[in-house]
Amino acid sequence: MKINPFHSSGMNPYQNQTEKQRQVERTSVTRRDEVQISTQAKELQKTNNFQNERADKIERLKNQVQNGTYKVDAHKVASSLVDYYKKLSKGE
């Protein structure tokens, strides 16, 4: 008894897929992603003093804490806490 394969066209679907990929690779031009930064953004990067000032302040505070010279103003902390809770109670 002879068994014939069903819908056999003599083609391998895997081979067809790999051939399609090869064709795409041959025809496609190598493209690279490109990023362009505006002149305004470049200027903002140069003039960002906030980060430098913040880093200096943090360094000064670290030194004060390590030296034991950092003093907390208890009145200012208490006042800030009261203001915070007042805003919460008003729903702001």
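Trainee: How many salt bridges does the structure hold?
Mentor: This is a predicted model. Arg-22 pairs with Glu-19. The count of salt bridges in the structure is one.

Trainee: How far apart are the closest N and O atoms of Arg-22 and Glu-19?
Mentor: A salt bridge needs the nitrogen within 4 Å of a carboxyl oxygen. Arg-22 and Glu-19 form such a bridge. Their closest N and O atoms are apart by 3.5 Å.

Trainee: Which helix holds Arg-22 and Glu-19?
Mentor: The two residues are three residues apart, about one turn of the helix. In an α-helix, residues three or four places apart point the same way, because there are 3.6 residues a turn. Both Arg-22 and Glu-19 lie in helix 1 (residues 13-27).

Trainee: Is Glu-19 buried, partly exposed or exposed?
Mentor: Buried means under 20% relative accessible area, and exposed means over 50%. Glu-19 has 31%, so the class is partly exposed.

Trainee: What pattern does the chain follow along the sequence?
Mentor: The secondary structure comes to four helices and zero strands. Read along the sequence, the pattern is α-α-α-α.

Trainee: What share of the 92 residues counts as buried?
Mentor: The cut-off for buried is under 20% relative accessible area. The accessible surface of the chain comes to about 9900 Å², and carbon and sulfur atoms hold 51% of that surface. Of the 92 residues, the buried share is 1%.

Trainee: What distance does helix 3 reach from its first C-alpha to its last?
Mentor: Helix 3 covers residues 49-67, which is 19 residues. At 1.5 Å a residue, 27 Å is expected. The helix comes close to that, with a reach of 27 Å.

Trainee: Which residue follows helix 3?
Mentor: The residue has a positive phi, near 80°. After helix 4, Gly-91 also takes a positive phi, of about 85°. The residue that follows helix 3 is Gly-68.

Trainee: Which helix gives the largest share of the positive patch?
Mentor: The patch is formed by Arg-54, Lys-57, Arg-60 and Lys-76. Arg-60 has its place in helix 3. Three residues of the patch, the largest share, come from helix 3.

Trainee: Which helix gives the most to the nonpolar patch?
Mentor: The patch spans about 890 Å², and its residues include Leu-61, Val-65, Val-77, Leu-81 and Tyr-84. Helix 3 and helix 4 each supply at least two residues. With five residues, the most comes from helix 4.

Trainee: What is the relative accessible area of Tyr-84?
Mentor: Tyr-84 lies in helix 4. A patch residue needs over 30% relative accessible area. Tyr-84 belongs to the nonpolar patch. This residue is partly exposed, with a relative accessible area of 48%.

Notes:
Residues are numbered from 1 along each chain as its sequence is written. This is a predicted model: local features need pLDDT of at least 70, side-chain atom pairs count only at pLDDT 80 or more; totals for chains, interfaces and linings use all residues. Side-chain values use heavy atoms; hydrogens and water are left out. Buried means under 20% relative accessible area, exposed over 50%, partly exposed in between (1.4 Å probe, protein chains only). Accessible areas come from the Shrake-Rupley method with a 1.4 Å probe; for residues, only the protein chains shown count as cover. The expected span of a helix is 1.5 Å times one less than its number of residues. Patches are made of residues with over 30% relative accessible area and no salt bridge: like charges are joined within 9 Å, nonpolar side chains (Val, Leu, Ile, Met, Phe, Trp, Tyr) within 5 Å. A salt bridge is a side-chain nitrogen of Lys or Arg within 4 Å of a carboxyl oxygen of Asp or Glu. Lys and Arg count as positive and Asp and Glu as negative; His and the chain ends are not counted. The place of a charge is taken as NZ of Lys, CZ of Arg, CG of Asp or CD of Glu.
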